[in-house]
Amino acid sequence: MPDDAARARQRTGTGIAVVLALVLGALLVTGPPQDGDRRPDGGACSPRTVASWSADPTLTSEFARYGDDAARTDDWTGGDGTHSVRLPDGRLLWLFSDTYLGRVHRPPNPVGESSAWRDATAPLVRNSAVLMRDGRLERTLPAPLFPDPAPDRWRWPVAARVEPRSPGSAERVVRVLLWVRGAGQSPWIYGVPAATEVATLSLPDLRLESVVTVLDQRQVPDPSRRVLFGTTLVEEEGWTYVFGGDDGRPASRPASHAYAARVPEGGLADPAAWEYWNGSEWQTRARPRPVLGDGRRTGVGSAFSVVRADGTYVLFTMAAGAAGLTTVTSYWACSPTGPWHGPAKEFRPALPQDGTAAYNPQAHPELSDDGRLVLSYDVNWLETAGAAVMLSRNVSLYRPRFVTIRLGPPR
């Protein structure tokens with residue numbers, strides 16, 4: 001049987017995203033490009049929104065197939081925080097935050113329901129990585145891939161990219177952005193934000209070489225004002241733009257602010273190479289100012305995604321208010337620093353059953369082509385109390401789902 005610490009970690013891990021979905025969202029003003037809406041290179045851009053969307057059953061089914069495979073007892077059976085990165089040899093590396101390992105049993109479950117299930121004592125780790133080749137998931141790397149930095153602190157992987165080991169180097173490595181959080185009391189049941197780190201994985205063997213802290217936020221007294229970077233990355237003209245957010249609190253700031261940083265190609269693991277948007281210019285001093293959100297009427301969920309399409313930046317996040325449990329919305333800008341416009345279009349992806357919620361929409365450009373954009377969203381049990389039990393009784397719930405989107409001008 002797991003000890004009290006393991007039980008506490010399990011309760012915290014499976015409930016975090018529903019809390020985020022309840023308290024975080026966005027509500028911005030849509031409009032045509034204005035005088036300030038210029039790309040960094042001086043060119044104009046056009047509004048972009050979701051022109052159409054449809055479920056992507058192929059990817060969703062592949063994760064179900066792999067998660068239900070009972071051949072091994074140490075591999076991925078469910079997780080959230082879904083991110084991906086294409087490796088030079090064509091493989092796709094999938095990164096997850098809280099992850100269930102262990103064996104999955106065929107239905108019926110112990111209470112007679114027609115769902116595959118796992119034992120309540122199945123291991124839960126804070127992060128994992130799964131490799132895919134030619135559209136088929138092959139294996140789980142030893143988990144957790146990123147060990148806890150200290151007792152009661154853990155690492156959640158977020159966005160990643162392949163870049164030169166150093167600027168101008170021919171050798172390439174994988175950089176993975178990590179969020180460090182620590183155990184906390186209400187309202188921080190999903191962890192107190194602590195720092196942004198960058199991990200380096202070697203290629204092609206994906207060995208963890210190092211972890212570097214790029215922004216330590218533990219000295220910021222108010223945890224709700226601590227900024228963690230890496231929810232999403234966008235590459236443009238030799239720069240990697242790194243987006244992040246703070247954690248809104250239900251009573252005082254029901255929405256999160258979005259922030260932007262940038263790093264020259266090859267410099268993600270060098271804290272001195274990071275530049276932060278301070279409201280008027282990029283500076284190396286870590287005093288970022290929001291590019292989106294006033295903390296109440298406007299803002300984003302702390303886990304959101306940004307892509308660049310035909311010169312326009314498009315942001316996806318959960319909608320404001322109660323719709324944030326079910327509805328994805330989009331915003332657009334000509335520059336990573338804004339101004340941002342939206343919501344331009346909302347859609348409601350499918351949920352597996354009553355009592356579940358959607359969160360963490362993430363774009364996967366490496367799977368997108370011919371005008372199609374693949375977007376994932378995570379699913380969790382709505383009520384934090386008893387979530388671990390429900391996710392074990394039906395293992396299909398706590399897995400990513402996928403949709404295919406086409407972008408176009410607002411209509």
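**A walk through the strands of a predicted model**

Both faces of β4 are covered, with L92, W94 and F96 buried on one side and L93 and L95 buried on the other. The model is a predicted one.

Visitor: How many of the residues of strand β4 are buried?
Guide: Happy to start there. Buried here means under 20% relative accessible area. Strand β4 spans residues 92-96 and is largely enclosed by the rest of the structure, because the buried residues number 5 of the 5.

Visitor: Which residue is the bridge partner of V85 in β4?
Guide: Let's begin with the pairing. Strand β3 (residues 83-86) runs antiparallel to β4, with 4 bridges. Between the strands of this hairpin lie 5 residues, and G90 has a positive phi near 95 degrees. Within β4, V85 is bridged to L93.

Visitor: And in β9, which residue is the bridge partner of W94?
Guide: β4 also pairs with strand β9 (residues 128-133), in the antiparallel sense over 5 bridges. W94 is one of the buried residues of β4. Its bridge partner in β9 is V130.

Visitor: Which are the edge strands of the open sheet of 4 strands?
Guide: Good one to trace by eye. The order in this sheet is β11-β12-β13-β14, with antiparallel pairing. Two strands pair on one side only, and these edge strands are β11 (153-164) and β14 (208-216). Neighbouring strands here are turned against each other, direction ignored, by an average of 25 degrees.

Visitor: Which residue of β12 is the bridge partner of P164?
Guide: β11 and strand β12 (residues 172-182) are antiparallel partners over 10 bridges. In β12, P164 is bridged to R172.

Notes. Residues numbered from 1 in each chain as written. Predicted model: local features only at pLDDT ≥ 70, side-chain atom pairs only at ≥ 80, totals over all residues. Heavy atoms only, no water. Pairing = 2+ DSSP bridges. Axes fitted to C-alpha atoms, helices over the stretch in contact; angles between N-to-C directions. Buried < 20%, exposed > 50% of the residue type's maximum accessible area, 1.4 Å probe, protein only.
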